[in-house]
Amino acid sequence: MIAAGLTGTMHTALAETAPKTVTIGYQKANIFALLKYRGTLDTDFKKQGIAVRWVEFPAGPQMLEGLNVGSIDLAATGDAPPAFAQAANADLVYLAHSPANPKTEAIVVPENSTIKSVADLKGKRVALNKGSDVNYLLVTALENAGLNYKDIIPIYLPPADARAAFQRGAVDAWVIWDPYLSEVETNAKARLVKNAEGLVPHYTFYLASRKFADTYPQTAKQVVGELGTLSDWANKNPQEAAKILATSTGLPQPIWDKAISRMPFGSERMTPEVFNEQQKLADKFTQIGLLPVKVEIGTATWSLDKKK
């Protein structure tokens with residue numbers, strides 16, 4: 001577990017210092033929503049005189065903007081938003097990450113579509129959230145099939161708008177993640193063309209502002225430990241986790257049951273290998289012109305025993 005791996009010698013003053021309030025950004029469908037609704041972090045922090053303030057965001061990019069301007073201290077997002085935030089000079093750090101979960105994002109088409117493979121996407125209208133994790137999946141899948149990004153017509157839409165466009169046939173394919181993936185498979189009989197298996201790992205990253213992580217390292221460490229404990233519980237009690245997330249999102253529990261069946265929870269320490277994977281993502285976005293600058297992912301490394 002990450003809690004055991006994050007060790008280091010703390011300055012006495014830092015070890016004794018704790019914030020009065022920890023502000024956490026969350027989305028309705030991510031692990032911090034699960035932590036919020038279970039209430040275990042609030043309970044544990046209350047015993048230490050620390051209040052938890054939860055701030056909801058519609059998506060990762062907006063959440064990391066909040067992290068950058070100091071309106072939140074901690075966040076959890078997929079692979080792509082941190083790279084874009086770093087390109088915008090956000091001073092964030094990677095605390096930990098989830099296990100890889102490539103089955104939770106995919107390219108789907110209508111049930112009766114003539115598209116049978118990624119190669120068949122040439123010249124087609126593909127809906128996706130610009131600069132998102134699935135954007136990276138799409139680019140990688142196209143290259144693996146001998147195509148490039150210019151061979152398709154990207155239609156940049158947020159999930160709700162993309163779902164409507166998919167339903168009415170305004171797009172030929174949709175690249176999307178869970179729980180939206182499970183919903184469209186269940187309710188619209190969407191057919192999977194390719195998920196991220198064998199292409200990209202797809203992680204959730206647990207992030208903090210550098211200022212918060214450096215000022216309150218033990219508190220940051222405790223949150224990551226709580227995420228590990230929560231993950232163990234969710235992996236052992238998937239139906240209860242699905243029920244909580246159904247309440248959070250308003251999606252029926254059977255959709256969350258399906259999503260969670262392919263969504264391993266976990267909290268793992270950052271490694272050079274994971275940083276390298278994240279660097280590949282950033283470099284690919286720079287190559288296709290979605291990132292305007294070269295991003296050095298490793299500048300967002302954090303460790304408890306770093307010099308002050």
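Helices and strands are DSSP runs, numbered from the N terminus. The model described here is predicted. In that numbering, His 202 sits in the loop that joins strand S9 (191–195) and S10.

**Backbone features**

Most residues other than glycine have a negative phi, and most peptide bonds are trans. His 202 is not a glycine, yet has a positive phi of about 60°. Asn 89, also a residue other than glycine, has a positive phi near 70°. Asn 89 belongs to the loop between helix H6 (80–87) and strand S4 (92–97).

Are these two residues buried or exposed? The table gives the relative accessible area of each.

| Residue | Relative accessible area | Class |
|---|---|---|
| Asn 89 | 66% | exposed |
| His 202 | 7% | buried |

Exposed means over 50% relative accessible area and buried means under 20%. Asn 89 therefore counts as exposed at 66%, and His 202 counts as buried at 7%.

A further backbone feature is a peptide bond. The bond from Asp 178 to Pro 179 is cis, with omega near 5°. Pro 179 is in the loop between strand S8 (173–177) and H9.

**The largest pocket**

The largest pocket has a volume of about 1,000 Å³. Its lining consists of 42 residues, and those nearest its centre are Gln 27, Ala 29, Trp 177, Asp 178 and Tyr 180. Elements that give two or more residues to this lining include helix H5 (60–69), strand S3 (74–78), helix H8 (159–168) and helix H12 (238–249). Helix H9 (180–187) and strand S10 (204–209) are also among them. By class, the lining has 20 nonpolar, 15 polar and seven charged residues.

Terms used:
Residues are numbered from 1 along each chain as its sequence is written. This is a predicted model: local features need pLDDT of at least 70, side-chain atom pairs count only at pLDDT 80 or more; totals for chains, interfaces and linings use all residues. Side-chain values use heavy atoms; hydrogens and water are left out. On a 1 Å grid over the protein atoms alone, a cavity is a set of points where a 1.4 Å probe fits but cannot get out, and a pocket is an open set with protein on both sides within 12 Å along at least five of seven lines; lining residues have an atom within 4 Å of a point. Grid points are joined across faces, edges and corners, and a volume is the space filled by probe spheres set on the points. Helices (H or I, at least four residues) and strands (E, at least two) are DSSP runs, numbered from the N terminus. Ala, Val, Leu, Ile, Met, Phe, Trp, Tyr, Cys and Pro count as nonpolar, Asp, Glu, Lys and Arg as charged, and the others, Gly among them, as polar. Buried means under 20% relative accessible area, exposed over 50%, partly exposed in between (1.4 Å probe, protein chains only).
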